Amino acid sequence: MKNNPPLNFDIHQAFTILAKEVETYQVPVIDLMAAQSTDPYRILIATILSARTKDEVTAKAAGRLFKQAPSLESLALLPEEKIAKLIYPVGFYKTKARHLSSLPGQLADLYNSQIPDTVESLIKLPGVGRKTANLVVCLAFNKPAICVDTHVHRITNIWGYVQTSTPLQTEMALREKLPTQYWARINSILVAFGQGTCRPLRPHCDRCIINNLCPKIGVTARRLPDKSTSPDSSRPKKLISWNVNGIRAIEKKGFTEIVNELNPDILALQEIKAQPDQLSDQLLNLAGYQSYWLPAEKKGYSGVCIYTKTKPIRVIYGLGEDVADREGRVLTLEFDNYYFINTYFPNAQHGLKRLEFKLDFNRHILNFCQNLFPKKSVLITGDFNVAHQPIDLENPDNNEKNPGFSPPERAWMDDFIKAGYQDTFRMYNQQPGQYTWWSYRFNARARNIGWRIDYFFIDQNSKSRVKSADILSSIMGSDHCPVQIIFK
Ligand code: SF4
């Protein structure tokens, strides 16, 4: 026996629930036979046949044998070979035929041709182990006995109700503690439950009616089918992108609640400003999502990540350009029929100090998209750090020489569009005053003095896959708000 103290498992509650539950399950064949007849001979023979044999095979073999040998006397007249033929293909049919052939003689010698009603007597017969003996005592003689088969042994250990290593130890432990009212029923309930729900390999805990009671000791959870793979791939998906300006900062402002509320299929974040080892479990293991991270080498700077409900086929970290990749700016997921690119474009910075770096990055990202484009749809999202047209910022005239609206940055955006990429938001909305970023200064957000610099672009050939595009300007927590598309 194992030495750990048993858990306080509520056996009464479990049996009350399971007895009702298994009414709808297939009844084990031996119980079926017992319901039809309490003849000890039939129950003993059927129980011997059932060892290591499927129920339907047992039922058919027992039917053939009982036709030829309806009683102990008639069984005595059948040659061993004939019995073997009748019971084939039950497991170990030759050995079982030998045991059945010698059974009438043994019973005559030991018990005056009567089938005994105790476990100790029954186990002296050929082919009768404790499990068979207990079952016969219980079903044929209606006496208290605990039949422990593999399901009873396994499940009572999973519950922590016993902590044993063998079925015999389980039987002894159950004799000590299981209320007698359950002795006769434990086998039929747990065999049905073990065959239907609490299966030996990967039990169906996901649909188990006593999931809340069960401590699942030693259980490996069944992997549920990935609902988001191919069969589901035509479902419209909510895709959201958000520059969070520090994921640890926004966590304190209710980030997980916002994500729960928005419930995106994919959430792309930019400017996470953290390494994964600096993050809470909650952020690393956001319920329902897998996450992929590309932080910058420099701590507290840049970095992107993607949360996705669907497992991608492939993850591409970076652009393959060392300088840009060290800043954690591009993370791509490949799915069945599209690429999802999350990008944090460089800021050209005050005095356009980093303009060349940015334009160089822009060339690389365009090449990257063009390489993917012939294979499947390309969606590219993120903080582009540029407002394209005067309509995309509140004060265009004052910002012509400033980073984010400088002519070279805007010219690159023209080139990007000419190369075949569509600004999804402008497919649906031509209104001014639609911004995604506001300075923290001058009460800019409240006054809507902002810029539209966060985008979802799609390759021209796939634009019909975008069903809507929105700016979620009411979502607070960062100096940017999220942008969203519905994509099919
Ligand atoms: S929760 Fe899982 S392990 Fe526990 S009884 Fe149910 S199916 Fe078996």
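**Strands, helices and a ligand shell**

Strands β13 and β14 (residues 483-487) pair in the antiparallel sense through 5 bridges (strands are DSSP runs of E with at least two residues, numbered from the N terminus; two strands pair if DSSP finds at least two bridges between them). Within this pairing, Asp470 stands opposite Gln484 in β14. The model is a predicted one, in which local features need pLDDT of at least 70 and side-chain atom pairs count only at pLDDT 80 or more, while totals for chains, interfaces and linings use all residues. Residue numbers start from 1 along each chain as its sequence is written.

Turning to the helices, α10 (residues 150-158) and α11 (residues 167-177) pack at about 65°, their axes 9 Å apart (helices are DSSP runs of H or I with at least four residues; axes are lines fitted to C-alpha atoms over the stretch in contact, with angles from 0 to 180 degrees between N-to-C directions). That makes α10 roughly perpendicular to α11, a term covering 65 to 115 degrees. Val152, His153 and Thr156 of α10 meet Pro167, Thr170 and Leu174 of α11, contact being C-beta atoms, placed from the backbone, within 7 Å.

Finally, the residues around the ligand include Ile158, Cys198, His204 and Lys216, where near means a C-beta atom, placed from the backbone, within 6 Å.

Technical notes:
Parallel < 35°, antiparallel > 145°, perpendicular 65-115°, else oblique. Contact = placed C-beta atoms within 7 Å.
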